[in-house]
Each structure stands twice: as structure tokens, then as C-alpha cells.
Amino acid sequence: MTPRPTPASGTSGGDTPRPPRRTSSPAEAPAAPARLPAPGSEPVPDPVTEAVTESAVPPGPRKRPTGGTAKKPAAAKSRKAQEAAEAPAKKPKAAKPAGKTPKGTAGPKGPKPAASGAVRPAFPLPQDDRGRLLSGAHHAPHDLLGAHPVPGGVAFRVLRPYARAVAVVGTGLHVPLLDEGDGLFSGVLPLPEVPAYRLQVTYDDNEIEVDDPYRFLPSLGDLDLHLIGEGRHEELWKALGAQPMTHQEVTGTRFTVWAPNARGVRVVGDFNYWDGTGYPMRSLGGTGIWELFLPDVREGALYKFQITRPDGSHTMRADPMARHAEVPPANASVVTTSRHEWQDAAWMASRAARPVHEAPLSVYEVHLPSWRPGLTYRQLAEQLPMYVSDLGFTHVELMPVAEHPFGGSWGYQVTGFYAPTSRMGTPDDFRFLVDALHRAGIGVIMDWVPAHFPRDDWALAEFDGRPLYEHEDPLKSAHPDWGTLEFDFGRTEVRNFLVANATYWCEEFHIDGLRVDAVASMLYLDYSREEGQWVPNQHGGRENLDAVAFLQEMNATVYRRNPGVVTIAEESTAWDGVTRATHHIGPGGFGGLGFGLKWNMGWMHDSLGYVAKEPVHRKYHHHEMTFSMVYAYSENYVLPISHDEVVHGKRSLVSKMPGDWWQQRATHRAYLGFMWSHPGKQLLFMGQEFAQGAEWSEAHGPDWWLLDPSYGAEGDHRGVRDLVRDLNTAYNATPALWERDTVPEGFAWVAGDAAEDNVFAFLRYDAAGNPLLAVSHFSPVVRHEYAIGVPDDVPAWTEVLNTDATAYGGSGIHNPEPLKPESHPSHGRPASVRLTLPPLATVWFRPA
């Protein structure tokens, strides 16, 4: 993995800080707001700045005043005096509404009844509880708020900042509560039990009727909490985050978040003017989970969590489990639910029919935001499946689609691990794209980035005031290359967060494969670190044992839950057993990591180094093209020509080739022919399929204008693309090129030492023993009557693909007639054929 552009310290991304902007959600917790005064209270100056949302919100509390007064708490009565108050209090006069109840607000039918019985003052809150509740540092707000049976009736207490009055309403019930100050309203009603009730809240300019969030039982079950505590909740996204639901017959949204170091957590959003004072969450035991069910909060609502850190300070955080986020640079989380109806049942049912390493796998790598800049997911669904299908690729690989703040990171610095980026649409829009690809017969692989995350102060870094997702040891938490933080793979909850995330993409979005980024940086404690910058493991070694265990668990879980899905490691070292089963112990004492495939970075580096040399010098580097076969069966490999190889001054694939424009294109075509016939699966980055000369830039994407018929050299580029189509067509139709990719029986050298001629020839075999002969020639000359050793049991060989064909922009030199073997031994074989080798070309032959 090439180092990604890294945000400057204290910014969300890029090399320079972002300019100030208005957002729909504040970046930090607002100052403590002023409270509206009750009649007769003493004025206390308390200026506060208004936090204004840019999104439309339903009728609710009035605007926060720029200055105001706070009511002094009433003197607390003793419990003895409270319990002695037997006589009913004088019925208070109902507060006159400042406005009508908004249209559509549910409430009791018919005229409002008179107050049912007298209301008595509730026993005042202890000052400690009151202070913690108002400061957002209380772990059990449901114990203080809501309705609770007490001697002589039911006590109600409500926290509604800025309200002028609050009344308890229900069938035959309408009782105003007493104002305690600081937005607290309370009272004891002489009722035998807690009734079904709602709250009528009156503000300066309107009156609303709502359910009381603090009358609901916890909406998260004991089994969920138990699994979360053990780090074994494989469907974590169904337990944490924002879940629209019906709870106790009321529709709303359950908010849950893991913040074990927090003194308190409150929900803020556009539904409460980003002021969470009246929405504290409760702590669910020792799990570190905080929960609150909010009635009437629906899909599309924006929200964050306001966390009170251990030191008492506040921080505003996006939801780590958010399944939808605002379009960057805004960063609030969005309540969402899926309504997509999948149409890919046939694809899902058949994808596990054949093991991936024994099936054709030809991958087109795509950066969605720049493939066709400006297109939405749904617009891409109209074009991408058609384009990829036409070229014959079996899969697309999408560079990271999880939400990320800085576009220049290409998605490799993730802040929203459960949210597809909103740059191109909603999560259901992304589902629509995946569905369209499946219906076109194309699998979807997604880049997944569990190695690190950025330091943005609204995201995961020190989420609840202390290291949580990252390791508490700075030597293990700071990634030395990218200015990011590494996950603490040894913490069960963090490992659960990531393992569940892998299955989430496969199950919720029908993803067919995960290409795991930067695996090497996870496996080694000393990765990019100097002596003294890392701590050995318990055995004195450099292996990150926690990361090994995490990768094994992730792979085992994904394969168990999702038949037909493949995991692919971008692992750039010689770690033993990347694609070995997790229960098979290798010579190093480790079980396999359990991946299905591994990127062959060695083949990529060596082969590109060879073709970049002038043909006259290639004979001195012949081994760079043959060395890959020394270790070809040590793992299950993918041959990647990815985005990393065509950026940052490395030049595009065709521009790496020496010579004039004709020779560059010819070598490009010959290299692709060699790549498609070499053992392993193929991956090609967008733009390279039509020999784009410029490096890729996420700012404008591929140079599609090169294929415009009005462009003079359009034929040169279209010819290369036609070759890619024909390579894929022949590849898919020839089991010898993919069926035995991972076993030595599928390959045999014919000419591996023809360094003087710059020739490579080998045979590929399918499971039934049927061969294909591939010959690559990397010299700009024609070689006539070139002898190639072949098996003596094939009566004739027919040319089936030639990268020098005129249709591809080549010279048209080919072998028009079937080649019949002669009884002249060559290359250690009993027979040979004499063929014509075109300049800078790869030619495939199969039995006639």
C-alpha cells in the first residue's frame, strides 16, 4: 500500500487546515445553555451562543436565547416533611398555551379534561444527582426522570430546557407539573399506578405533545449485552448505533453507543437543536454501553453523541456504528433504515458453487468517485455494469467506499466503518449499484481498511476521553507512515467492532469479497519503526500476536457466515501461511491467517521492473520474469496492476514501457497477455485497459476522451481495450488458465531460460489435462521458424490470441495455419513446433 495523503494535525484531511465552515452539527459540545426563568425568579445573566442547525426540523423548542436567566433551585424539603404532606395541594392553574399543538401530533381524544387530582411537590433531587444530570455526567438518568411510584402516588420528573410549562396528559388526565428551575419540572400525582401518559410541553411560541423517553424500559436485551461484553456479537450493527424501531408500541429510534470511560453520554441532533441537555443516556451495567430510546425520531434525523470525558470536559462525536453519514465535510451521523428489495437471488445462490481459487477471477479495479466524476450510485448502476460486462471482467474491486472525511485519501482513512460514503448517495443507493452488478453477472469486491483510522477529533480518536479503539501505548497506537492511529486488536470489543464490520458489508450489501488493505503493517510490531520505537511480543518476537488472532477470527467468521465470499490480503512480505487455513500450523508456529487469496506484490514489482528496461537490456533481467514461479504455489495469488502502480510519479502502465509510442503500446499489450496467462488471478486498474498515458488522478479520473472517435489516436487506445476484452473472453472460456492456478500440476515451463531472445514459453493445464501454450516475446524484432518444445500427444496447435493483431494496433504478424509438431526434440520435450514470433507480443495456442 502506498502511503496515503495524510491530514495535517488537527484537521480533517489534506495538507492544510480546512477553512471555517458552517455545518449542520457543531464540532464540540455547546456551552451550558441558559434556562428560561420561571415567574418571580431572580435574573442571573448567562449569555449563550446559539447553535443553529441548517436542516429543517419539526416544531420544537424555541430558539436558544442569547441571554437569559436561570431559576434558583427551590429549597429542598426534608423527606419527613415531604411524606407528612397529606392534604392535597391547591389545584394549580393550567399554563396558557403559547401556541396550538402542531398538526399531526398525537394526543388524547376529545376536549382536555381537568386535572385529575392534586399535584404535590416531588421530593427534590439531591444536589449531586441534580448537578450530574444537568452537566451530562449522570449514569442513570432514568432513575431520576420519568414516572416512579412513591408513597401516596406517582412522582413525575421531566427535564425540558427552555420550556415554560410541562403537563402530564393521558386519558382523563391533564396535570401541569411544578417548575423546579433549570428546565426541571416535577410533581407527585395521587395515582395508584403509573398510567399511560404523554407530555404536553409549552414553549414561548408553540406547544407540543410528545412521549416521555424516560418511561421506557431498556431496548437492548441481556443476550446482546452478554455477547458484546465477550466480544462475540457477530451482528453488532443490529445492537449498537441508531436503530429505528417500535418499542413498547411506540415508534422511534434507539440510540446505543460503547463508551466505557465516559462519565455520561447525551444524544444531540437536529431534533433537539443540537442541545442534548434533556436527552441523557443510561449506562447498561458494566458493559460500557449507553442507551436511550427517543420516540418520534425517524429516518433521516441527524445526530451525534455528546460525551462527558473522565475529566468533565465534553466532546461531540459521530456514531462509530453509524450506517449513514452526512456528505463530507459535514460529519453528523444519519438515522437510516433499508428499504431496498434485492433482485440478485440467483447470483447469491450460485456464487458458492465453485471455490474462488478454482474459478475464473478477472478483476477491474475502480475508484467510484472518479470513474465517471459526478455520477451517483444509481447513475453508476446504469453504466458500470454494462462497461465491465462488455470487457468480460468477472469482478469489480471498489476502492474503499466506507465514509471518509478527506477525498484525497481515496478512502483509505476511514471514519465511518459502517456507512457507505454519502458522496454518491444513500446506503440503499449503494445497494442498488451492487444489485445491478450482480444482475449483470459481475461480482463485487470491496477494499476494507482495518489497519488504521484518522485522528479527527469528531471520530474514533480517544473517543470517550481516553484511548479506546486505539492502543493505550503510544508505541503501538501511532502509525508511523500515515499519521493515523492503529486499532487495539487485543481488546475484545475493538476486535468485535472490526469482525462484525467485515460480515456487515457481506450481509447487508451482498459484497462478494473483501480485499484487506495494509496487512503487513498489522502483522509486524516493527513495521516502519526504528529500534526503540517498538516493543517485542511476549515471546520476544516482532509478530503482532493480537493482529494475527484478529485476522484469523475475521476470516473464519466471514467464511462461516457467507458462503462464496472471498477475502484477499494485500500483504507485501513473505509471511508464512497468509492463505493457509487457520487451524493448520506452519513452520513458524502460527496457524494460517485464513485468507482466500493474496496479492502477489513480488510478481508485480519484478515483472514491471523487467518490461521497463530497454529490450537490449532485458536479457540481464530475465530472472525477474521467471522468479515468481519459484514461489507461485506457496499461496493463492492475485496478480495486481493496481492504483498504487499508476500514481505518485510511477507513471501509467503504458508510460512505463520504453521506446516510441508503437513500442510502448506493443509492450503494454504483450505484458497484459503474459499477465493473463501466468498462474494467478488478474487485477487491472481503470484506465489501464485502454492505455491511458497520464497518471491517474482522483480529481478527474480516467481520460475517457482518448476513446472519442474525433481524437486522432483514438484507434490506438480502443485497440488496447479490444485486446482486454478478447483476453477476458479467451480466459473465461479456457479452464487451463484458472482451474489449477494454485497447484504445480497446472503449469510447466517450455522455455524459461531463453534470455538472449527475451522469450518466455509455458504450458497451462486444466483439471482434465487439456493444455494451452503461451509464448511471450519481449524483443522488437520478428523471429521466424522459432522452435518451441511441445508434448507429442497433440496433433496440431492453433493460434487463438495474438497481441500483435492489427485490430489491436499491432503489425499483424501471426501464424495463420495450425502448427503441426515435428519429431525434433526441443526444450527437453520429444516434439517441437516452428512458429513465427511477432515483435513485442504474446501469442496463445491451444490444441486444434
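# Notebook: burial, strands, cores and cavities

I started with overall burial: of the 848 residues of the protein, 60% count as buried. Buried here means under 20% relative accessible area, exposed means over 50%, and partly exposed lies in between, with a 1.4 Å probe and protein chains only. The model is predicted: local features need pLDDT of at least 70, side-chain atom pairs count only at pLDDT 80 or more, and totals for chains, interfaces and linings use all residues. Residues are numbered from 1 along each chain as its sequence is written, and side-chain values use heavy atoms, with hydrogens and water left out.

I then looked up the secondary structure. The protein has 16 helices and 35 strands. Helices (H or I, at least four residues) and strands (E, at least two) are DSSP runs, numbered from the N terminus.

I also checked contacts, meaning heavy atoms within 4.5 Å. Among contacts between residues at least 6 apart in sequence, 73% join residues at least 24 apart.

**Entry: strand E6**

I went to strand E6, residues 184-189, and found six of its six residues buried. Leu-184, Ser-186 and Val-188 point one way. Phe-185, Gly-187 and Leu-189 point the other way.

Next I looked for its partners. Two strands pair if DSSP finds at least two bridges between them. Strand E2 (residues 153-159) runs antiparallel to E6, with six bridges joining them. Val-158 has Phe-185 of E6 as its bridge partner. Strand E5 (residues 178-181) also pairs with E6 in the antiparallel sense, over three bridges. There, Gly-181 stands opposite Leu-184. The hairpin of E5 and E6 has two residues between the strands, and Asp-182 takes a positive phi near 60 degrees.

**Entry: strand E17**

I repeated the check on strand E17, residues 362-366. Five of its five residues are buried. Ser-362, Tyr-364 and Val-366 lie on one side, and Val-363 and Glu-365 on the other.

E17 is joined to strand E28 (residues 681-685) by four bridges, and the two run parallel. Val-363 stands opposite Leu-683 in that pair. Four bridges also join E17 to strand E18 (residues 395-398), again running parallel. Here Val-366 stands opposite Leu-398.

**Entry: nonpolar cores**

I defined a nonpolar core as a set of buried Ala, Val, Leu, Ile, Met, Phe, Trp, Tyr and Cys residues joined through side-chain atoms within 4.5 Å. Which residues touch the most other members of the largest core? They are Phe-255, Leu-368, Phe-430 and Trp-505, out of 171 residues. Helix H9 (residues 492-508) gives this core its largest share, nine residues. Another core lies apart from it and has 22 residues, among them Leu-763, Ile-788, Val-794 and Ala-831.

I listed the contacts of Leu-368, not counting residues up to four places away in sequence. Leu-368 touches Tyr-377, Leu-380, Leu-384, Leu-398, Val-401, Met-424, Phe-430 and Leu-433.

**Entry: cavities**

On a 1 Å grid over the protein atoms alone, a cavity is a set of points where a 1.4 Å probe fits but cannot get out; lining residues have an atom within 4 Å of a point. Grid points are joined across faces, edges and corners, and a volume is the space filled by probe spheres set on the points. I found eight cavities of 30 Å³ or more.

Ala, Val, Leu, Ile, Met, Phe, Trp, Tyr, Cys and Pro count as nonpolar, Asp, Glu, Lys and Arg as charged, and the others, Gly among them, as polar.

The second largest cavity has a volume of about 110 Å³. Of its 13 lining residues, Leu-236, Leu-240, Trp-258, Tyr-469 and Glu-493 lie nearest its centre. Strand E10 (250-258) and H9 are the elements that give two or more residues to this lining. By class, the lining has nine nonpolar, two polar and two charged residues.

**Entry: Tyr-808**

Is Tyr-808 buried or exposed? Tyr-808 is buried, because its relative accessible area is 8%. Tyr-808 lies in the loop between strand E33 (797-802) and strand E34 (831-837). Not counting residues up to four places away in sequence, Tyr-808 touches Arg-669, Gly-719, Val-720, Asp-722, Leu-723, Asp-726, Asn-802 and Thr-803. I also took one distance: the C-alpha atoms of Tyr-808 and Val-724 are separated by 9.5 Å, with the two residues 84 apart along the chain.

Note on methods. 1 Å grid on protein atoms, 1.4 Å probe; cavity = no way out; pocket = protein on both sides within 12 Å on 5 of 7 lines; lining within 4 Å.
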